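Subject: Handover of a structure and the findings on it

Dear colleague,

Please find the structure below, followed by an account of what was found in it. I would be grateful if you would read the two side by side.

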Amino acid sequence: MKKEQIKFYSGNIAAAEGAIAAGCRFFAGYPITPSSEIAEHMARRLPQVGGVFIQMEDELASMAAILGASWGGAKAMTATSGPGFSLMQENIGLGAMTETPCVVINVQRAGPSTGMPTLVGQADVMQARWGSHGDYEIIALSPSSPQECFDLTIKAFNLAEEYRVPVVVLMDESVAHMFEKVVIPPENKIKIVNRKKPDVPPEKYLPFKPEGYVPPMACAGEGYNVHVTGLTHDEKGYPQATDPEVQERLVRRLCDKIRKNERKMRDIDEYEMDDADVALVSFGISGRSSKAAVKEARRRGYKVGLIRLRTIWPFPDEYFEKIAGDIKKFIVVEINYGQIKLEVERNVGKEKVILLPKFGGEIHKPHEIYEKIKEVYNGD
Amino acid sequence: MEIEAKSHPFDKYLRADRIPHIWCPGCGLGTALNCFLQALEETEIDLKNLAVVSGIGCAGRVAGYINVDSYHTTHGRAIPFATGLKLANPKLKVVVFSGDGDLFAIGGNHFIHAARRNIDMTVICVNNYNYGMTGGQLGPTTPLEARTTTAPYGNIEHPFNLCHVAAASGAVYVARWTTLHVRRLKESMKEALNKKGFSFVEVIAPCPTAFGRRNREPSGLDTLRYYKEHSVIKHGIDPSEADIEIGGDIIVGKFVDIEKHTFNEAVEELIKKARK
């Protein structure tokens, strides 16, 4: 669209529209609550923009199909929830190993296993990071509103294209089903990143030789005769499955291309942090309950602030190290039994971190968080 | 007699710098690959737009030896990967080259659904009755009573008849040959490559190292001799009548060759309709 538009979207629909705005033209998925509206919306919208929607036979296939589509030259996405996300881990690993740009939306519900299919959870944080086997790094973003579902899905595609890695949009059921105002910027105001193509002729092209950390990508049919394998491979793309040096070079680069660029991907919404001596750390829907609690606590004179993570992976270690000295206590508010908490502890020390968990099926009420803030100050 | 040559006539189709391949002496995969390269030579397919996708296993290594855009994916997932590839770039000719365990055990669900949808791709399955790469375990095609490392007393599972599965799932082209039938196999591969829709070619192949030597066929030649004595060509028969039994005849031929609207055509029409 040429002009700015105001829409009233759920998080799921906003994410789907964000994908289309980012240039996504291929979606493969399998129905699962609470993410199905994304597939339904893509089924209706993609053909209108010349894209392809396919409902696959399962999530193993959905993930494989988007990798294939990405190598076919398309920006590709799938959407799922916990049980489906588990099935996708196999080919998320292949995506990381073969450096295939793609986006996976995981609308978190309460687990483990089938858990509470219709209700909120935030317990896939570590799975997003460590779900597939082997050493790899991934990017995960977490929106707190339909507007952020739109914005961060675009960002997810841009990061996927820039770093050639699967990017997870870690939504949760509450944000996915919440309806709010979404501002869609005019087309020319939306930043779009496309994967870098090789600028050398095929005979000089080494498909896995990085420029910086990321190699330019030649897709199928472009005349580069690329071999792509999930086996440990050299810069030519050829399997070298018995050479530990090749393995080290590859895995180091796959991890470092994300680790060393953490600052560029860092996306933190700080609220009332300037003079804070206690900080809440949260993300997704819990970030909103936390914000309400901070407002209440500030009104009553507590110098508490909020660190809301929009980029969850790579984790902003450096940021936490820096502020650790100024903050007496970190209260981690999340709908799981302590996942982001572990990351915060790793950076600021165990003694400074307090977990305020929910186990799934409900969000934190702001007054529960407020009570915890009070308790922390009074316990001082 | 000495044979001297600087290169193989099919080197232009191969990543010659990756040869020698990993396959054992007597294995049927080299023959299947050779037939495929001959089929490429004799068809009009533009190699720039050819993509070969494999899963995991001995047959899964085929993709890596052919000098086109080639994808060696995860175990069982070659077909859904190929589905995405073809749908994202319909100009591509997409061939899945993999084994019986990859395509019909761990990947069985994807096979039947790609056939049902009639995705425009060619699937070549090299069926050696077992998991060769991992040392000769029971597979979905191991004939009853055959011995494998995980069926040391003889197989008690009923095997799949792959051509029957393919036909019943909706494939528009279904053929089976052994690696002894090199010319007929090549012709079927050509037909499959030229076919619009989901085409399937089963290649019965020896695996002396992992399967044959446990089943009274210690060399590849023994297995080829068995093919010679027991293969019966029956074009056009109902593939349900072509089950494979140990010690029995191997029915080969072209079983299915029909026309059906493809998924890719339907997608194009859908896009036209939605854009109006």
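In chain B, strand E9 and strand E10 (residues 250-257) run parallel and are joined by 3 bridges. Two strands count as paired if DSSP finds at least two bridges between them. B:Ser231 has B:Ile250 in E10(B) as its bridge partner.

Please note that this is a predicted model, in which local features need pLDDT of at least 70 and side-chain atom pairs count only at pLDDT 80 or more, while totals for chains, interfaces and linings use all residues. Residues are numbered from 1 along each chain as its sequence is written, and chains are lettered from A and ligands numbered from 1 in the order in which they are written.

The sheet

E10(B) also pairs with E7(B), in the antiparallel sense and over 4 bridges; here B:Val174 stands opposite B:Val256. These strands belong to an open sheet of 9 strands with mixed pairing, in the order E10(A)-E2(B)-E1(B)-E3(B)-E4(B)-E8(B)-E7(B)-E10(B)-E9(B). E10 of chain A and strand E9 (231-233) of chain B stand at the edges with a single partner strand each, so one side of each has no neighbour in the sheet. From one strand to the next, the twist averages 20°. Helix H6 (residues 162-169) of chain B packs on the sheet, where it touches strands E4 (121-127), E7 (173-178), E8 (198-204) and E10 of chain B, and its direction makes about 175° with that of E7(B). Such angles run from 0 to 180 degrees between N-to-C directions, and axes are lines fitted to C-alpha atoms, for helices over the stretch in contact.

Where the chains meet

Strand E10 (residues 227-229) of chain A pairs with E2(B) in the parallel sense over 3 bridges, and A:His227 stands opposite B:Ser70. How many residues of chain B are in contact with chain A? There are 34, and they are in contact with 38 residues of chain A; a contact requires C-beta atoms, placed from the backbone, to lie within 7 Å. H3(B) gives the largest share of the chain B side, 8 residues. By class, that side has 14 nonpolar, 13 polar and 7 charged residues. Ala, Val, Leu, Ile, Met, Phe, Trp, Tyr, Cys and Pro count as nonpolar, Asp, Glu, Lys and Arg as charged, and the others, Gly among them, as polar.

Within chain A

The domain assignment, which is automatic or from a database, gives chain A domain 1 (5-189) and domain 2 (267-378). Their centres, taken over C-alpha atoms, are 26 Å apart. In chain A, 25 residues of domain 1 are in contact with 21 residues of domain 2. H5(A) supplies the largest share of the domain 1 side, 4 residues.

The axes of helix H1 (residues 11-22) and helix H2 (residues 36-45) of chain A come within 8 Å and cross at roughly 45°. That makes H1(A) oblique to H2(A); angles under 35 degrees count as roughly parallel, over 145 as roughly antiparallel, 65 to 115 as roughly perpendicular and the rest as oblique. By class, the contact of these two helices has 6 nonpolar, 2 polar and 2 charged residues.

Yours sincerely

Terms used: Contact = placed C-beta atoms within 7 Å. Helix = DSSP H or I, 4+ residues; strand = E, 2+ residues; numbered from the N terminus.
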